[in-house]
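Welcome! Please take a moment to look over the sequence and the model below, and then we will go through a few spots together.

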Amino acid sequence: MKILIVGHFNETAQSKITRYFPQDWNVVIVPPGQEMLHHIEDCQVLIPEHIKVDPSLLATAQKLKLVQTGAGYDNVDISACTQLGIWVANAAGVNAQAVAEHVMALILSYYKNIPFLDHFMKSRMDEHDLEYTGSELEGKTIGIIGLGAIGKKVAAFCRVFDMNVLASARKTVVQADDLVTMTDIDTLLSTSDIVSVHVPLTEQTKHLINQEVFKKMKNTALFINTARGGIVNERDLIDALKTGELSGACLDVYESEPLPIDSELRTLSNVILTPHTAGMPDGRKFHKKRYDFFIDNIKRVQNGKAPVSRLNQLL
């Protein structure tokens, strides 16, 4: 069984990942480029971290049986895979706990001024000169856009902090308790102190969050994105943050990744940034739950079964 993982991994990450797979599997990790094209010809499983899986790429994948992604799958042409008899599966929900915890870490860091206070202490400044504004979470309203596995986890965590939880989702959600109040998107935007996005990136959600959305939000609101960078019009976000139309933002994902060194986001004091690591609690480029899921799914396909969390159906 040959597994091809395409992405940018340092030596430590590569070693950790390859050791985790069954030792009788041939696991190859390469960056996008010519070497990738050579290996894709005879791999049975493709895990595409930083490439588009489109018809031109699939044309050379003669033995491919499964394209396995993480939570997101916007880089895979599912229709093209289906036509070629290739399973496509994601790992829906596997990183829900990790991402939801990251969201809470960002919220607490923002309202408790953790980055600023850490810098203040390490700068050895006179504590009598310390001035800052912060806030408690109790009584604040968070609006969650998209109530899937991650959104539900975030909702549960926020209730523990005695926050009010609003949510807007495309699918009807059955409320088994008073955890979440479902509402329309405009009401959510206009009444929430915090807006957190938890939808996949699709043609319908690309630039879902834009200038029009920011205008509907409170100018004291905090915006959080740990989903996909393309869901947000980054230029509109930067403008809203600079003009005071939006109080702040906490971001783990960006329209262009890695985030360009000269991005204005790196210069804004009302922004907290992390490098797309919300779903990787075990260290950069590694998440045990994620690879456990991958291995189990590969074994299913190897044994002639359909993968779990499949995104297509083969005849």
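Is Ala155 buried or exposed? Ala155 is buried, because its relative accessible area is 0%; buried means under 20% and exposed over 50%, with partly exposed in between (1.4 Å probe, protein chains only). This is a predicted model, where local features need pLDDT of at least 70 and side-chain atom pairs count only at pLDDT 80 or more, while totals for chains, interfaces and linings use all residues. Residues are numbered from 1 along each chain as its sequence is written, and side-chain values use heavy atoms, leaving out hydrogens and water.

**Around Ala155**

- Ala155 sits in helix H7, residues 149-160 (helices are DSSP runs of H or I with at least four residues, numbered from the N terminus).
- Not counting residues up to four places away in sequence, Ala155 touches Ile144, Val165, Leu179 and Val180 (contact means heavy atoms within 4.5 Å).
- Glu11 lies 144 residues from Ala155 in sequence, and their C-alpha atoms are 37 Å apart in space.

**Cavities**

- The structure holds two cavities of 30 Å³ or more; a cavity is a set of points on a 1 Å grid over the protein atoms alone where a 1.4 Å probe fits but cannot get out.
- The largest cavity has a volume of about 40 Å³, volume being the space filled by probe spheres set on the points, which are joined across faces, edges and corners.
- Among the residues lining the largest cavity are His287 and Arg290 (lining residues have an atom within 4 Å of a point).
- The second largest cavity also has a volume of about 40 Å³, and its lining includes Tyr254 and Glu255.

Terms used: Helix = DSSP H or I, 4+ residues; strand = E, 2+ residues; numbered from the N terminus. 1 Å grid on protein atoms, 1.4 Å probe; cavity = no way out; pocket = protein on both sides within 12 Å on 5 of 7 lines; lining within 4 Å.
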